[in-house]
Amino acid sequence: MREVIVVGAGPTGLMLAGELALAGVDVEVLERRSTAELVGTRARGFHARTIEILDQRGIADRFLAEGQTVPRLAFGATPLEIGELPTRHPYTLGLGQAGIEEILLGWVEELGVSLRRGVEVTGFGQDDQGVDVHLAGGTTARTAWLVGADGGRSVVRKAAGIEMVGAEPTRSLLIGEVAVTQELPEGIRLDEVGIHALSAMPDGTAGFVVTEPALSLAAEPTLEELRAALVAAFGTDLGAHEPRWMSRFTDATRQVVDYRRGRVLVAGDAAHVHPPTGGQGVGLGVQDAVNLGWKLGQVVRGDSPEGLLDTYRAERHPATARVLANVTTQAMMQRGDARTSALRETVADLLADPGTRARMAALLTGLDVALDLGEGHPLLGRRMPDLDLVTAAGPTRVCALLHDARAVLLDLAGGLEPGRWGGRVRHVAASAHGPWELPGVGPVPAPAGVLIRPDGHVAWVGDGTDAGLREALTSWCGPA
Ligand SMILES: Cc1cc2nc3c(=O)[nH]c(=O)nc-3n(C[C@H](O)[C@H](O)[C@H](O)COP(=O)(O)OP(=O)(O)OC[C@H]3O[C@@H](n4cnc5c(N)ncnc54)[C@H](O)[C@@H]3O)c2cc1C
């Protein structure tokens, strides 16, 4: 029996598999696609916190070498400069989903993860000891824990009976690439129906995102439907023929009520669906994976009780709900009628304020996620800044201490001891260099020590004593 089976080798499933492998878990990924090839473009990049997370595992450079960094993003039509954000990576990375998956795949292969392709999961049954995963063809695979990272139409989520709630779809959009016989109209259009954009692709085809004149929920769009949407938006079907690929998405925004049923969990698009506006999908999935991976690892190893898994929902549900609200707002503003124009103008006016812009940038980059770990120092629950450190062994930085996904007790004033948690926590005595500043918050007082969880969030802040440290170690690293 496997310790964990992950369904889906998209960005979430691959990241989670890597995290579990680092935790020493015997993990297997099952993927329906028989090759690594992706149909269509899908994600075109991700934001600063995702780059930081990859940096925490020592693989950010692989992504930065393949993509393009841009020191700005946008909320609706308002550009937000992010080059001054207090992070080592104050930019958005442009990189297609195929490239993202290829790099993650290389990483999990190095970590020895087993990945079976051409295997479709159709359902499961679970008992107290494990889960029987049902595969197309009638066979089963047995595992102690099952994670569905199988995308927005997740079979695992549906078989678990986990409900998704949120905003129902009001509009559908067609996306893809198609051969055309006419010149492309320029620019992005907004009308009463929604947003329409065409772009010339390097191979001479037209990339398109077109809002349909009427909502359709059918999974596979047809060429006739594309032509009708083009005529409604541009007055011509552009002679569209031979689509390279086509897909349909809606403005629905939904999130699971529970992230776990017994021995089954969901992550990434399987746990939340939303329009691609603002490019948040990969980052949300990676953050789910990095929040869940070490916790599930500790439960599998027997270091922590199962209750640790409840913190996955408690932490990721509110953080994701906040991002989904923002994505919904941005998607709502993609219309050209008088009411929506008024909303856009009001939002643009509010964003003229530098403080509002800074807060919005911190949210959109994912850098301001604040887990509710109780009252205390402003660092508590937030991601640890990647400060330069000087240790007895030489200079290093915070991210470098997290490469193996173990908790770190960073002792900045001396005198801290991990005690009986020494085997699970790396104790590092260091001096920190650089500003203690949090995105969207500002400068914070320098702590005397911090306990950093494997996902980079601060679980305890020292005031020069070790008050509360044992409790924090017990909560996050398991009973001594
Ligand atoms: C048009 C478009 C543009 C986007 N642009 C961006 C962007 O710019 N930035 C961004 O961050 N996000 C973007 N996204 C969202 C992003 O693509 C998703 O959020 C991201 O892919 C989610 O990753 P995931 O691993 O959770 O799910 P997926 O990428 O959907 O991966 C799920 C995997 O599970 C496999 N699978 C499914 N069912 C089964 C089964 N039953 N058995 C076995 N395997 C199965 C699938 O084959 C797939 O490989 C965009 C999405 C779309 C549609």
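Predicted model: local features only at pLDDT ≥ 70, side-chain atom pairs only at ≥ 80, totals over all residues.

Reply: Gly355 is exposed, with 9 other C-beta atoms within 10 Å. Residues are numbered from 1 along each chain as its sequence is written.

Gly355 sits in helix 10 (residues 354–364). Helices (H or I, at least four residues) and strands (E, at least two) are DSSP runs, numbered from the N terminus. Gly355 and Val441 are 86 residues apart in sequence, yet 9.8 Å apart in space, C-alpha to C-alpha. The buried residues of helix 10 are Met360, Ala361, Ala362 and Leu364. Their cover includes strand 5 (72–75) and strand 6 (78–81). Just after helix 10 comes Gly366, with a positive phi of about 80°.

Glu242 has a phi of about 45°. Glu242 belongs to strand 17 (residues 241–250). Glu242 is exposed, with 10 other C-beta atoms within 10 Å. Ala405 has a phi near 60°. Ala405 lies in the loop between helix 11 and strand 24 (407–411). Ala405 is buried, with 22 other C-beta atoms within 10 Å.

Now helix 2 (residues 48–56). Helix 2 is mostly covered, with nine of its nine residues buried. Charged side chains are on that list: Arg49, Glu52 and Asp55 are among the buried residues. The cover over helix 2 includes strand 3, helix 3 (60–66), strand 7 (92–94), helix 7 and helix 11 (398–401). Gly58 follows helix 2, and its phi is positive, near 80°.

Next, the packing of helix 1 (residues 11–22). Helix 1 and helix 4 (residues 97–110) pack at about 20°, with axes 9 Å apart. Axes are lines fitted to C-alpha atoms, for helices over the stretch in contact; angles run from 0 to 180 degrees between N-to-C directions. That makes helix 1 roughly parallel to helix 4. Angles under 35 degrees count as roughly parallel, over 145 as roughly antiparallel, 65 to 115 as roughly perpendicular and the rest as oblique. The crossing of helix 1 with helix 4 is left-handed. A crossing is left-handed if the near helix is turned anticlockwise from the far one by less than a right angle, and right-handed if clockwise. Helix 1 brings Pro11, Leu14, Met15, Ala17, Gly18 and Ala21 to meet Ile100, Glu101, Leu104, Leu105, Trp107 and Val108 of helix 4. Two residues are in contact if their C-beta atoms, placed from the backbone, lie within 7 Å. This contact of helix 1 with helix 4 has ten nonpolar residues, one polar and one charged. Ala, Val, Leu, Ile, Met, Phe, Trp, Tyr, Cys and Pro count as nonpolar, Asp, Glu, Lys and Arg as charged, and the others, Gly among them, as polar.

Helix 1 also packs on helix 7 (281–301), at about 25° with axes 8 Å apart. That makes helix 1 roughly parallel to helix 7. The crossing of helix 1 and helix 7 is right-handed. The contact of helix 1 with helix 7 divides into eleven nonpolar, four polar and two charged residues.

Helix 7 has another partner, helix 8 (residues 310–332): their axes come within 10 Å and cross at roughly 170°. That makes helix 7 roughly antiparallel to helix 8. Leu284, Asp288, Asn291, Leu292 and Lys295 in helix 7 meet residues of helix 8 including Glu315 and Arg316. By class, this contact of helix 7 with helix 8 has four nonpolar, three polar and four charged residues.

Last, the ligand. The shell holds 34 residues, and Gly8, Gly10, Gly151, Gly268 and Gly281 come nearest. A residue is near a molecule if its C-beta atom, placed from the backbone, lies within 6 Å of it. Helix 7 gives the most to the shell around the ligand, with four residues. By class, the shell around the ligand has 13 nonpolar, 13 polar and eight charged residues.

Note on methods: Buried ≥ 20, exposed ≤ 12 C-beta atoms within 10 Å, placed from the backbone.
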